[in-house]
Amino acid sequence: MRTAAIIGSIAAVSLGIGAALGVAAWRSATRSELPVAAVLPPSTLYYVEARDARGLIDGVGSSQAWADLRASGMLEMASDDSGKLSELADKLTELSKKIDYPLNGEAALKLLGAEAAVAISVDPKSEPHFTIVTRIDVDALAQDLLSGDLDWRALHDELNRRAELAEVEVTSEVVGDYQLSAMTDGETTVYATLLEDLLVVSDDKSAVGTAINLRVAEGQGSLHALPSFTDELARLSAAAPVRDWVNVAAMRAPPLNGTLPSGAGVDLAPVLDAIAVDAVARSIELPTHDLYQMTWTWSRESAELFKDGTSPRIRDVFPPQPLMQIEAQRLGQLVEAWEVSPIRAHLADSWLAEKWGELMADAEERVRAAVPAPLPGEDFDGLDDTTFLTKFMGHMSGTFLAATFGSDAGSTVWVRDDGKPDFLAAVRLGTDGRWIEMLTSASATAAAERVPDVDAVQGIEHAGRTIRGLQSPGSPYGFYWVAIGDLFVMGGSADALIEALDRVETGAPDPENAVTLAAAELPADHRFLFFVSPGELIELVRGALGDTPDADEVLAMTAEAQAVSSLVMTCYVADDFSQMDFRVRAPLADDEAAYGLRAMANIAQGSSRIFDLLPERSIWTYANRNDLSSVLANVRNGGLGVFGEGAMGALNEFEQRFDVDFDGQLIPSLGNEIGMALLYEAVALDEETPPIPGVLLVVAVDDRDPVIALFESLADTLAEAAIDDAGTPQFERTMRGDFAEYRLVTSDSATPVPFTPTMTFVGDFLVLALDEGSIDDLLAVQDGALRAHSATDLATRIRAAGVAVDGNEFAHVDWNLMLDQISLYATHLGNFMVDEADVPMPEFPDDGDTDEWQRRIAAYETAREAAAAEKVDDVIGMIEMCRFIDFMATTSSVKGELLEGHSVTRFQHVPR
């Protein structure tokens with residue numbers, strides 16, 4: 001009852017205000033023309049204001065977010081489940097009758113008017129007090145309640161009468177031209193006054209008296225006259241619906257002296273000492289009044305808000321010669337871009353969002369079943385619609401991350417002088433992040449004292465900064481951290497952080513930094529960078545493994561990685577998430593490890609002819625321009641350790657059986673291009689088999705004779721084998737113009753082959769196809785009856801995305817065509833996804849009743865078909881969810897001693 005009575009008392013005060021404002025002749029006298037902050041003292045610790053409450057509420061109420069909130073059922077559940085809102089509504093209804101005025105939302109808007117503010121201050125005993133100041137809607141209240149000539153005494157009489165109707169004890173005293181009222185309900189007393197159109201309410205009588213004095217002084221000496229208040233708010237948008245302000249200087253001074261009020265005992269002195277200004281403000285923005293777009297802005301950038309304005313480049317904090325290093329920059333902007341990207345909108349309406357909601361609901365149900373006690377948020381169990389929670393929490397989490405962690409991050413691993421690896425990680429903090437870091441660092445070591453087997457490092461002072469850490473006794477590594485301006489740096493040892501601080505103190509980048517040198521020719525506007533020194537990393541792993549069989553296996557698996565002495569890769573993501581680019585640069589290592597890559601450098605740069613050969617229905621295409629003879633000869637001779645002795649023996653046996661001379665004839669006959677393709681196929685070869693994509697392998701051939709001789713030898717050998725085994729596959733020879741076509745067929749119906757592997761020549765390319773139809777398409781491209789892959793709209797988009805057409809290796813994926821192919825298998829995939837958990841296999845009847853068994857099997861099959869149908873819907877949902885990619889394309893080249901690569905993923909939102 002106390003809360004409702006106080007609300008009624010404030011309403012009564014407002015009604016008295018209405019009496020004073022009801023007469024048109026007094027209208028000019030009832031306008032203070034002062035901002036709400038002009039009646040607050042400059043010692044105010046915290047201030048928050050809201051402007052145009054009616055416009056804000058009307059705007060939010062007409063937004064889609066509010067519609068989603070209403071649809072969710074959260075408002076009704078808050079009222080129905082807790083009963084608190086309905087109880088308050090009943091009390092307000094009762095009070096409305098008593099004071100003869102409706103206390104509803106419309107009345108609240110008249111009380112809030114154009115401006116409203118809440119201020120927090122402390123008394124000499126450090127006890128906190130609140131003061132509310134609101135500019136009421138004079139015209140509306142005067143119209144509602146009063147008419148006739150009224151003076152201040154009449155106002156006082158009306159105020160007392162209305163307040164007493166609320167069953168609150170009211171006393172008042174005259175302070176100059178104004179009234180100061182005290183309203184008591186039991187042990188609670190609030191004080192209020194009316195300063196023309198400004199209503200002031202506080203739990204501190206002196207605060208109301210001060211407001212009256214400041215009104216008489218026309219705001220001189222008030223909070224509004226304090227430069228640190230007006231200057232900070234002036235840095236923010238005046239159109240922001242909500243702004244707040246913190247008086248740092250007052251928190252430093254007595255009686256607080258850097259501690260929180262009410263004896264909280266939290267030492268804020270280090271935090272306050274780190275702030276370079278006497279005050280700071282913040283605004284809350286609601287573009288178009290949309291809760292899904294709520295953001296906040298500080299009045300000061302991090303560099304001017306805090307005394308330590310250092311903002312070093314992460315790379316210059318890390319050691320200059322790492323084994324591995326990862327960097328990220330402009331992540332905050334990336335989060336903001338993701339918020340408004342078409343991809344996010346597409347995924348929010350996709351199968352993934354639906355299944356995620358189901359997963360969360362199922363997890364919550366399981367937790368509630370396992371934990372009988374009420375859980376936080378139980379009031380929101382069983383929402384009608386989770387759209388609002390999903391969108392709002394998704395937006396707020398992204399916005400919070402962007403505001404907290406700023407834009408840059410990185411981590412690195414290197415070898416210490418003692419031969420052991422160590423690490424550093426760093427993240428650039430936004431303004432929110434720096435507040436959080438300062439507050440948590442001050443209490444982290446104290447909290448660690450309660451953790452068993454962990455020693456807290458109280459603080460190591462170095463280069464004007466404090467290193468803190470946690471370390472278990474006897475462990476060579478711990479967890480240490482230090483703030484370097486806006487950079488939060490973590491490491492495995494205190495020495496690592498001391499060295500990092502020393503590098504910052506030098507103030508100059510290391511000209512021999514391995515990462516900087518490796519990335520010198522790459523675009524600087526990347527989002528992510530990855531650097532690795534393969535040889536050194538492998539040696540470190542080998543040293544850790546020692547002289548064991550595991551070490552040999554590791555070296556064998558990493559042989560190809562040693563083809564480059566170092567590798568740096570950058571990733572660029574467009575601000576609208578329309579494109580993602582990867583670029584790679586890697587100097588080649590010794591000749592043996594990099595033999596295959598160096599062979600590329602022997603080929604003149606140029607476009608691959610394979611894309612002019614392939615048909616437009618290509619899903620995935622790959623082309624390689626290389627010195628194939630040199631590479632295959634190296635592989636044949638055991639280069640790179642690709643073939644073991646057993647594989648080489650099998651290759652020798654193949655040469656003998658089919659009379660093939662790989663080294664002398666077959667390998668030298670090949671040209672310098674090889675490619676593969678996966679072709680879209682919508683027509684099934686038979687009723688039982690789903691459509692099988694076409695598969696092509698094309699190889700440039702300089703001399704056809706050795707290749708044709710191999711085919712003839714294969715055909716003859718298989719024909720001889722068929723004499724003893726009629727099921728042996730056979731090569732059928734068919735002439736296509738000047739070239740023979742070889743089709744692999746089988747006459748054994750017990751082992752049917754749903755496709756017909758075919759080999760032939762198309763121009764000067766040897767073609768191996770999974771089916772004869774793919775050969776037909778290749779010939780149709782040559783005749784001009786079909787478009788070549790290089791002439792498609794996809795190829796045009798790939799070139800427009802910046803993928804170079806000259807180089808050694810190319811690969812493209814038509815993403816949506818690939819999904820079209822996969823969608824043809826939706827039914828089969830759905831059936832495959834049904835398992836025992838979905839539809840249990842029935843048990844055979846104990847009495848051996850075979851009829852009952854058949855009924856059970858029939859029911860099982862029916863249930864399985866129904867489950868499969870649901871799984872098909874899931875498959876289709878997953879496929880459609882993935883339709884936010886247009887294509888993937890990549891190209892690479894070897895230029896002299898350097899490998900360069902460029903890969904592009906182009907995104908798009910494809911509504912279905």
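Which residue forms a salt bridge with Glu304, the closest N and O atoms being 3.4 Å apart? The partner is Arg300. The legends below start from this pair.

This is a predicted model, in which local features need pLDDT of at least 70, side-chain atom pairs count only at pLDDT 80 or more, and totals for chains, interfaces and linings use all residues. Residues are numbered from 1 along each chain as its sequence is written, and side-chain values use heavy atoms, with hydrogens and water left out.

View 1. Side chains of opposite charge can pair when their charged atoms come close. A salt bridge here is a side-chain nitrogen of Lys or Arg within 4 Å of a carboxyl oxygen of Asp or Glu. By this rule the count is 34 salt bridges. In one of them, Glu304 meets Arg235, with the closest N and O atoms 3.6 Å apart. This pair links distant parts of the chain, 69 residues apart. Glu304 sits in helix α13 (residues 302-305), and Arg235 in the loop between α10 (227-234) and β8 (242-247). Helices (H or I, at least four residues) and strands (E, at least two) are DSSP runs, numbered from the N terminus. Glu304 counts as partly exposed because its relative accessibility is 32%. Arg235 is also partly exposed, at 42%. Arg300 counts as buried, at 16%.

**View 2. The salt bridge of Arg428 and Asp486.** These two side chains meet at 3.0 Å, N to O. Arg428 lies in strand β13 (residues 421-428), and Asp486 lies in the loop between β16 (479-484) and β17 (487-491), so the pair ties together parts that are 58 residues apart in sequence. Arg428 is buried, at 9% relative accessibility. Asp486 is buried too, at 10%.

View 3. Two strands pair if DSSP finds at least two bridges between them. Strand β11 (residues 324-328) pairs with β12 (residues 409-415) in the antiparallel sense, over five bridges. Met324 has Val413 of β12 as its bridge partner. β11 also pairs with β18, again antiparallel and over five bridges. Here Glu327 stands opposite Leu529 of β18.

**View 4. Strands β18, β19 and β20.** Five bridges join β18 (residues 528-532) to β19 (residues 567-573), and the two run antiparallel. Phe531 stands opposite Val568 of β19. Six bridges then join β19 to β20 (residues 579-587), also antiparallel. Thr570 has Arg583 of β20 as its bridge partner. How many residues lie between β19 and β20 in their hairpin? There are five, and Phe577 in the turn has a positive phi of about 60°.

**View 5. A negative surface patch.** Glu843, Asp846, Asp847, Asp849 and Asp851 form this patch. Patches are made of residues with over 30% relative accessible area and no salt bridge; like charges are joined within 9 Å, and nonpolar side chains (Val, Leu, Ile, Met, Phe, Trp, Tyr) within 5 Å. Asp846 lies in the loop between α33 (826-833) and α34 (850-881). Asp846 is exposed, with a relative accessible area of 83%.

Definitions and conventions:
Areas by Shrake-Rupley, 256 points an atom, 1.4 Å probe, with all protein chains shown as cover. Lys, Arg positive; Asp, Glu negative; His and termini not counted. Charge placed at Lys NZ, Arg CZ, Asp CG, Glu CD. Buried < 20%, exposed > 50% of the residue type's maximum accessible area, 1.4 Å probe, protein only.
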